[in-house]
Amino acid sequence: MRRDRTEQNQQALDAFLAGVERRAFLMARTATGQPEEALDLVQDAMLAFVRGYGKRPEEEWGALFHRVMQNRIRDWYRRHKVRSRWRVWFGGEAADDRREDPIQIAPDPAMPDPARTLESSDVGDALIEAVEALPLRQQQAFILRTLEGLDVAQTAAAMGCSAGSVKTHLSRAMQALRKKLKDHWP
């Protein structure tokens, strides 16, 4: 009986992680601009989530996973900022590591999924560029609320802030995106 429950939990956990994997990668790639870093962040977040929260009730997994993911992205930003300072200080180039590997961004010849189709269109490119230009907290609020479909409370839990802060960040993000993308919509 206990073994069946453990196997069911493992299967549910595997299905959950398979369901959020692609979206988490897009979120991390949008935040970092680097596919390799995004893959590392997603993998690290998944491992931390399974270790820390895998035994929690299934209905809590969404918000908890996004919280872990957002913490990993914030940690990446902090480390990246410190490394950039050191590189500049020692005479290296200013850190503009946002170069993408052409193989990673090459179109997939297999059947395109809606997210990939959106990415390849001009509007999708403009949207991704506009989201990448947002400050991190606004970017997180926008992605979690609009793309992940989390409610305000779940987003606040994921971001580690109040519901009011989520609303403020989302409102500012929407204003900035409307301003930047006004040429793409009538």
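This is a guided tour of a predicted model, stop by stop, for use with the structure open in a viewer.

Residues are numbered from 1 along each chain as its sequence is written, and side-chain values use heavy atoms, with hydrogens and water left out. Because the model is predicted, local features need pLDDT of at least 70 and side-chain atom pairs count only at pLDDT 80 or more, whereas totals for chains, interfaces and linings use all residues.

**The whole chain**

Begin with the protein chain in cartoon view, where there are 9 helices and 0 strands, helices being DSSP runs of H or I with at least four residues, strands runs of E with at least two, and both numbered from the N terminus. Read along the sequence, the pattern is α-α-α-α-α-α-α-α-α. Of the 186 residues in the protein chain, 34% are buried (buried means under 20% relative accessible area, exposed over 50%, and partly exposed in between, with a 1.4 Å probe and protein chains only). Among contacts with a separation of 6 or more, 65% are between residues 24 or more positions apart, a contact meaning heavy atoms within 4.5 Å.

Next select H2, residues 35–53. Its 19 residues should span 27 Å at 1.5 Å a residue, and its end C-alpha atoms are 26 Å apart, which agrees; the expected span is 1.5 Å times one less than the number of residues. The buried positions in H2 are Pro35, Ala38, Leu41, Val42, Ala45, Met46, Ala48 and Phe49.

Rings of Phe, Tyr and Trp (its six-membered ring) pair if their centres lie within 6.5 Å, with planes under 30 degrees apart counted as stacked, over 60 as edge-to-face and the rest as tilted. Phe49 lies in H2 and Trp61 in helix H3 (residues 61–89), so the pair ties together parts that are 12 residues apart in sequence. Both Phe49 and Trp61 are buried. Show Phe16, Tyr53 and Phe65 as well, and one aromatic cluster that also includes Phe49 and Trp61 is on screen; the structure holds 7 aromatic pairs.

**The nonpolar core**

The largest nonpolar core has 43 residues, and those with the most contacts inside it are Phe49, Phe65 and Met69; such a core is a set of buried Ala, Val, Leu, Ile, Met, Phe, Trp, Tyr and Cys residues joined through side-chain atoms within 4.5 Å. At least two residues of this core come from each of H1 (2–32), H2, H3, H6 (122–133), H7 (136–147), H8 (152–159) and H9 (163–180), and H1 gives the most, with 11 residues. Centre the view on Met69, which touches Ala24, Met27, Ala28, Leu41, Val42 and Ala45, residues up to four places away in sequence not being counted.

Then move to Gln70 in H3, which is buried with a relative accessible area of 1%. Leaving aside its neighbours within four places in sequence, Gln70 is in contact with Met27, Gln140, Leu144 and Ala158.

Select H7, whose buried residues are Leu136, Gln138, Gln139, Gln140, Ala141, Phe142, Ile143 and Leu144. Just after H7, Gly149 takes a positive phi of about 75°.

Bring in H9: the axes of H7 and H9 come within 8 Å and cross at roughly 95°, where axes are lines fitted to C-alpha atoms, for helices over the stretch in contact, and angles run from 0 to 180 degrees between N-to-C directions. H7 and H9 are therefore roughly perpendicular to each other, a description that covers 65 to 115 degrees, while angles under 35 count as roughly parallel, over 145 as roughly antiparallel and the rest as oblique. On the H7 side the contact includes Arg137, Ala141 and Phe142, and on the H9 side it includes His169, Leu170 and Ala173.

H8 and H9 pack at an angle of about 95°, with their axes 8 Å apart. Here the contact is made by Val152, Thr155, Ala156 and Met159 of H8 and Ala163, Val166, Lys167 and His169 of H9.

**Two last stops**

Leu134, in the loop between H6 and H7, is buried with a relative accessible area of 8%. Leu134 touches Gln139, Ala173, Ala176 and Leu177, not counting residues up to four places away in sequence.

Finish at Gln10 in H1, which is partly exposed with a relative accessible area of 41%. The C-alpha atoms of Gln10 and Gly54 are separated by 8.5 Å, although the two are 44 residues apart along the chain.
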